[in-house]
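Biologist: Could you take me through how the features of a model like this are read, one after another?

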Amino acid sequence: MSRIKDAGLSKEGKEELEWARENMPMLALIAESFEKEKPFKGLSIGVCLHLEKKTGILLETLMKGGARVAAASCNPLTTDDRVAAALAGKGVDVYAWAGENEKEYYENINRVLDHEPQLLIDDGCDQIFTVHTKRKELIGRIRGACEETTTGVNRLRAMEKEGKLKLPVIAVNDAYSKFLFDNRFGTAQSTVEAIMRATNKLIAGKTVVVVGFGSCGRGISERMRGLGANVTVVEVLGRLTSESGPAGQHKALEALYSGFRVMSMEEAAREGDIFITSTGNINVIAKKHFEKMKSGAILANAGHFNNEIDTNGLEQLSKRREKVKENVERFTLRDGRKLYLLSEGRLVNLARPSGQGHPIEIMDGSFAIQALSLEFISRSGKLPNKVIPVPREIDDKIAELALAVKGIKLSNPTKEQQNYARSWEEGT
Ligand SMILES: NC(=O)c1ccc[n+]([C@@H]2O[C@H](COP(=O)([O-])OP(=O)(O)OC[C@H]3O[C@@H](n4cnc5c(N)ncnc54)[C@H](O)[C@@H]3O)[C@@H](O)[C@H]2O)c1
């Protein structure tokens, strides 16, 4: 029995789903093959994702593959209540509404887990974390999980390192066909769009400070520049979450050579008109930074959790915190300056109503990886209790399919070229 805001919103939700379905050709192809082969026959899938229209099409696709699906949201603000109502009417067990408090949020995840799923999809790792801490009795029956985002994969790697990970989990986020496009282009467009919808302010001529120049920050910086903003990038020294890959100083140089100004948060705090965090890290904008900011500055977060901007610290510096309008709060500091926080510091691009999430075509690709990775788990024997990369065939196939549905067909390299590329002989 679903728990949603209002079943009466179902008609609007169906319209939203129809529009998403029309624009998700990759999932349509996968649904066709799932319908024939039923890879999830008899299996129950526990889902913890932003519950909006694109997610709805993923859930339909999994059901066509024979799955029973129970779903909660991975964020208290991001459920589209219309879509939740439509999905509940289509046989998904939905436990989600926009504006859940923290207690309700975890109660809803637990309600999903009450269905005793064999497969999980998570975005941010809260469902998998709940299984490992509060619902350990389920561990033996769960065959595997897929994780959607950078922060979730970072948490899983930390669990694995400490020997605490008791499930195989596919790091969907780390597939090339996910983070190169979803994190970069999807987050960029939807973040810019959400800030404009929440504030209706001009971007051109503003100084936009982007904190974190990873896949998300790079995309946001590029799009903001495209709209005429002067973009400043903030990075930090070192590798925070992995021993390989570029360090913060490499990312800072990449930003500099891409034509952005680069500096520390201490310096950037004085300059920004709009601040956007996308680091996956905690308190990257803190009290000492608010103290230096111009009156009127806007603060938004595009990272997974609402702890990138120190909202408590901001409240402590303020004599008043008040809602100005949907998605916008005003903090009046003791010295009279005003700072504006969007969407309570939660994922600005997904927090409703100004956040609509990534563009549909982007999620068609990301959720195609989810669907095929979950199929891979369902068809595999026992996988190791590790963070597992998306099989390369799936990653390559998704990118090829994404081109094919746009009518782009690449040719294969010739035999000669293949041999040449792999040989060590001189090229003259
Ligand atoms: N909004 C969305 O729709 C969306 C989409 C994908 C990912 N995400 C989330 O966005 C966050 C970033 O993801 P990503 O894939 O870009 O990660 P990433 O690891 O590629 O990049 C993060 C960058 O932040 C930098 N950083 C860390 N701490 C910092 C600090 N204190 N100051 C300045 N820079 C700092 C790191 O050096 C790194 O370069 C994660 O939480 C991820 O889960 C959000």
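The dialogue below goes from the domains to the cores and then to the strands.

Modeller: This is a predicted model, in which local features need pLDDT of at least 70 and side-chain atom pairs count only at pLDDT 80 or more, while totals for chains, interfaces and linings use all residues. Residues are numbered from 1 along each chain as its sequence is written.

Biologist: Into which domains is the protein chain divided?

Modeller: Domain bounds come from an automatic or database domain assignment; here they give domain 1 (7-178 + 358-404) and domain 2 (185-345). The C-alpha centres of domain 1 and domain 2 lie 29 Å apart.

Biologist: How many residues does the largest nonpolar core have?

Modeller: A nonpolar core is a set of buried Ala, Val, Leu, Ile, Met, Phe, Trp, Tyr and Cys residues joined through C-beta atoms within 7 Å, where buried means that 20 or more other C-beta atoms, placed from the backbone, lie within 10 Å of a residue's own. The largest has 78 residues, and L27, V47 and V94 are among those with the most contacts inside it. Apart from it lies another core, of 47 residues, including F290 and L350.

Biologist: Which strand does β12 join, and in what sense do they run?

Modeller: Strands are DSSP runs of E, at least two residues long, numbered from the N terminus, and two of them pair if DSSP finds at least two bridges between them. Strand β12 (residues 318-325) runs antiparallel to strand β13 (residues 328-333), with 6 bridges joining them, and R321 has F331 as its bridge partner. The hairpin of β12 and β13 has 2 residues between the strands, and N327 in the turn has a positive phi of about 70 degrees.

Conventions: Buried ≥ 20, exposed ≤ 12 C-beta atoms within 10 Å, placed from the backbone. Helix = DSSP H or I, 4+ residues; strand = E, 2+ residues; numbered from the N terminus.
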